[in-house]
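Me: Hi! I'm about to look at a structure that is new to me. Could you walk me through it?

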Amino acid sequence: MEAALTIPFWLELMATIAGALSGSIHAVKHNYDFFGVVCLACITGLSGGIVRDILLQNYGIYAFQHWELIAACMVGAVPVFFFARLLGKLDLPMDIMDTISIALYAVIGAGKGLIAGYGILPAAILGTITAVGGGCARDLVLLRPPRIFISGTLYASATFLGALIYLAAKQVDVLAGYAALIGVVSIIVMRFVSVFFKIETRPARDYSDKVEHLASCAKNHCAGAFRKVRRK
């Protein structure tokens, strides 16, 4: 399959390792044993791409075709198991690598969907699944609500919007050659702007009481108007 974005394999490897380290740190915090830490590292680092490839069909599982990715997740879990407290202090570098990895994977996944003949919206969804699927699988294994569904700074929404921007640019002849770069940069910018300016999504708000109040006022108004008409 044609690549949506040509990147060095070592960079893709580092992006996978970033996910694996994140999964390993969470596993240690939940008192997993060595086998559990390794498993959660692999789940976090590889699940997004595996789900993408299953949905695409007929293209094989990329992670299984490149054993280095699986090995990197397993090896990356080892230092976390023994030095979790030290690695846990590297929050900023980990956040930067995580943002770069989701940006790359969102564009690559969306591009593969486009090549497979999907429309813009399904391709954008596929890119989002590729980018955040590993973290979602990690949270499900840890029996907690997936982070991507909880209100907070832009994360999954940034990857989805960035994938749409990439796919839209791909349709414009002038921008087609720069579409991948535009998509990646847009996701990175949205993510860091959201964090820096504390732009956050909000949980659901129930306005039923306001609707009920308006309905009550309208009812009373109509009843009053009806009484005046009857007096006349």
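This is a predicted model: local features need pLDDT of at least 70, side-chain atom pairs count only at pLDDT 80 or more; totals for chains, interfaces and linings use all residues.

Me: Thanks! How many salt bridges does a search of the whole structure find?

Reply: The search finds four salt bridges. One of them joins Arg138 to Asp139, with the closest N and O atoms 3.1 Å apart.

Me: And which residue does Arg144 meet in a salt bridge?

Reply: Arg144 meets Asp139, with an N to O distance of 2.9 Å. Arg138, Asp139 and Arg144 are therefore linked in a network of salt bridges.

Me: Is Asp139 buried or exposed?

Reply: Asp139 is buried, since its relative accessible area is 1% and buried means under 20%. Arg138 counts as buried too, at 6%. Arg144 is partly exposed, with a relative accessible area of 29%.

Me: Where is Arg138 found?

Reply: Arg138 is in helix 6, which covers residues 120-141.

Me: What is Arg138 in contact with, leaving aside its neighbours within four places in sequence?

Reply: Its contacts are Ser22, Gly23, His26, Leu40, Ile43, Thr44 and Arg144.

Me: Let's switch to helix 2. Which residues does it cover, and where is its kink centred?

Reply: Helix 2 runs over residues 34-56. Its kink is about 55° and is centred on Leu46.

Me: How far apart are the end C-alpha atoms of helix 2, and what span should its residues give?

Reply: The end C-alpha atoms are 33 Å apart. At 1.5 Å a residue, the 23 residues should span 33 Å, so the two values agree. The expected span is 1.5 Å times one less than the number of residues.

Me: What comes just after helix 2?

Reply: Gln57 does, and Gln57 takes a positive phi of about 65°.

Me: Which side chains meet in a salt bridge at 2.9 Å, with Asp53 as one of them?

Reply: That pair is Arg52 and Asp53, at 2.9 Å from N to O. Both Arg52 and Asp53 are buried.

Me: Why does Asp53 count as buried?

Reply: Asp53 counts as buried because its relative accessibility is 5%, and the limit for buried is under 20%. Asp53 lies in helix 2 and touches Gly60, Ile61 and Tyr62, not counting residues up to four places away in sequence.

Me: You mentioned a positive phi. What is phi of Asn31 near?

Reply: Phi of Asn31 is near 65°, a positive value in a residue other than glycine. Asn31 is in the loop between helix 1 (9-29) and helix 2. Asn31 is exposed, at 69% relative accessible area.

Me: And what is the phi of Leu143?

Reply: Leu143 has a positive phi of about 60°, although it is not a glycine. Its place is in the loop between helix 6 and helix 7 (156-170), and Leu143 is exposed, with a relative accessible area of 78%.

Me: New topic: which residues make the nonpolar surface patch?

Reply: The patch is made by Leu181, Val185, Val189, Val193, Phe196, Phe197 and Ile199, and its area is about 690 Å².

Me: Where is Ile199 found?

Reply: Ile199 is in the loop between helix 8 (179-196) and helix 9 (208-231). With a relative accessible area of 41%, Ile199 is partly exposed.

Technical notes. Residues are numbered from 1 along each chain as its sequence is written. Side-chain values use heavy atoms; hydrogens and water are left out. Patches are made of residues with over 30% relative accessible area and no salt bridge: like charges are joined within 9 Å, nonpolar side chains (Val, Leu, Ile, Met, Phe, Trp, Tyr) within 5 Å. Accessible areas come from the Shrake-Rupley method with a 1.4 Å probe; for residues, only the protein chains shown count as cover. Helices (H or I, at least four residues) and strands (E, at least two) are DSSP runs, numbered from the N terminus. Buried means under 20% relative accessible area, exposed over 50%, partly exposed in between (1.4 Å probe, protein chains only). Contact means heavy atoms within 4.5 Å. The bend at a residue is the angle between axes fitted to the seven residues ending there and the seven starting there.
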